[in-house]
Amino acid sequence: KIHRFELGIQHGCDEMLNIMNVHSTTEQIRYYLKRFAGKAFHSIVVIGHPGETMESVEKVIALIEEYNLWHMQVSPFINTPNTPSFLMEQLPEAEYNKHITLVKTAVKKLETAFMHQAIQTMIPAYFKECSYDAKFDTAIVYLSPTEFSGTLKCSIHNASTSELFHLMEKMHTGDKVLAHVTSISKRTNHGPIIKFDKLEVI
């Protein structure tokens with residue numbers, strides 16, 4: 001089973017995709033965003049590349065908002081020696097930082113809205129793994145959301161007497177469940193880590 005995949009986006013402006021030597025167009029990107037809507041995928045936009053303007057940044061933000069890409073990873077451009085972009089005129093530092101901040105803020109706004117909506121609801125996921133520490137009688141359960149990139153996590157104390165833990169012992173990787181979301185732990189490059197406290201097997 002494929003639970004998560006990479007969807008290369010890189011930018012939301014055709015001119016920038018050309019400058020970055022990315023062999024795709026925004027039309028093609030939109031096609032795949034529509035095709036894989038509701039699926040768990042990880043994607044990145046690179047912001048601050050030479051040639052980027054406020055207009056191209058606005059196009060990135062428009063794409064992110066149009067498809068509600070709250071799980072998008074915003075990666076600042078890094079000027080690396082011995083690459084074609086190394087010889088290009090770099091953005092002024094203030095402009096570079098402004099572009100990154102604008103895009104990250106747009107993503108964060110969408111993420112916050114999604115997470116507030118998700119708390120105290122049941123979201124679909126795949127069982128990933130359950131680790132047990134016999135010394136402390138604790139267990140940690142990990143799930144992979146089916147509709148976005150991230151991790152669902154539950155820490156179980158007194159695991160030996162926990163109904164949830166005994167249920168997890170019978171599960172296999174890839175089994176589908178519904179998890180009850182309680183809070184958002186933190187954000188990583190591969191999506192948020194979300195805490196849950198109970199689940200139902202589908």
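Reader: Where does Q120 lie?

Author: Q120 is in the loop between α4 and β5. This is a predicted model. In it, Q120 is not a glycine but has a positive phi of about 70°.

Reader: Is D137 buried or exposed?

Author: Buried: the relative accessible area of D137 is 16%, and the cut-off for buried is under 20%.

Reader: Zooming out. How many helices and strands in the chain?

Author: Five helices and nine strands. In sequence order the pattern is β-α-α-β-β-α-β-α-β-β-β-α-β-β.

Reader: What box do the C-alpha atoms fill?

Author: Roughly 65 × 35 × 30 Å, taken along the principal axes. The chain has 202 residues, and 41% of them count as buried.

Reader: What about accessible surface?

Author: About 11500 Å² for the chain, with 52% of that belonging to carbon and sulfur atoms.

Reader: And contacts: what share comes from residues 24 or more positions apart?

Author: Among contacts with a separation of 6 or more, 66% come from residues 24 or more positions apart.

Reader: Now the sheet. Which strands close into a barrel?

Author: Five strands do, in the order β5-β6-β7-β9-β8, with mixed pairing. On average, neighbouring strands of this sheet are turned by 40° against each other, direction ignored.

Reader: How do β5 and β8 pair?

Author: Antiparallel, over five bridges, with β5 covering residues 122-133 and β8 covering residues 176-188. A125 stands opposite V177 of β8, and I123 has A179 of β8 as its bridge partner.

Reader: How many bridges between β8 and β9?

Author: Ten, and the pairing is antiparallel. β8 and β9 form a hairpin, with two residues between them. V181 has F196 in β9 as its bridge partner.

Reader: Which strands does α4 touch?

Author: α4 packs on the sheet and touches β8 and β9, where β9 is residues 191-201. The direction of α4 makes about 140° with that of β8.

Reader: Which residues touch the most other members in the largest nonpolar core?

Author: L33, V103, L143 and L152, out of 45 residues in that core. Helix α4, residues 93-118, supplies the largest share of the core, six residues.

Reader: What does V103 contact, leaving aside neighbours within four places in sequence?

Author: V45, I47, V57, V60, I61, I64 and V74. As background, nonpolar side chains tend to be buried together in soluble globular proteins.

Reader: What is in the second core?

Author: That core is separate and has five residues, including C13, M16, M20 and F77. C13 is buried, with a relative accessible area of 4%.

Reader: Different topic. Where does H71 lie?

Author: In the loop between α3, residues 54-66, and β4, residues 73-76. H71 counts as buried because its relative accessibility is 6%.

Reader: What is H71 in contact with, again leaving aside neighbours within four places in sequence?

Author: F41, F148, S149 and R187.

Reader: Last one, P92. Which loop is P92 in?

Author: The loop between β4 and α4. P92 counts as partly exposed, at 47% relative accessibility.

Reader: How far apart are the C-alpha atoms of P92 and N21?

Author: They are separated by 22 Å, and the two residues are 71 residues apart along the chain.

Terms used:
Residues numbered from 1 in each chain as written. Predicted model: local features only at pLDDT ≥ 70, side-chain atom pairs only at ≥ 80, totals over all residues. Heavy atoms only, no water. Core = buried A, V, L, I, M, F, W, Y, C linked by side-chain atoms within 4.5 Å. Buried < 20%, exposed > 50% of the residue type's maximum accessible area, 1.4 Å probe, protein only. Helix = DSSP H or I, 4+ residues; strand = E, 2+ residues; numbered from the N terminus. Contact = heavy atoms within 4.5 Å. Pairing = 2+ DSSP bridges. Axes fitted to C-alpha atoms, helices over the stretch in contact; angles between N-to-C directions. Areas by Shrake-Rupley, 256 points an atom, 1.4 Å probe, with all protein chains shown as cover.
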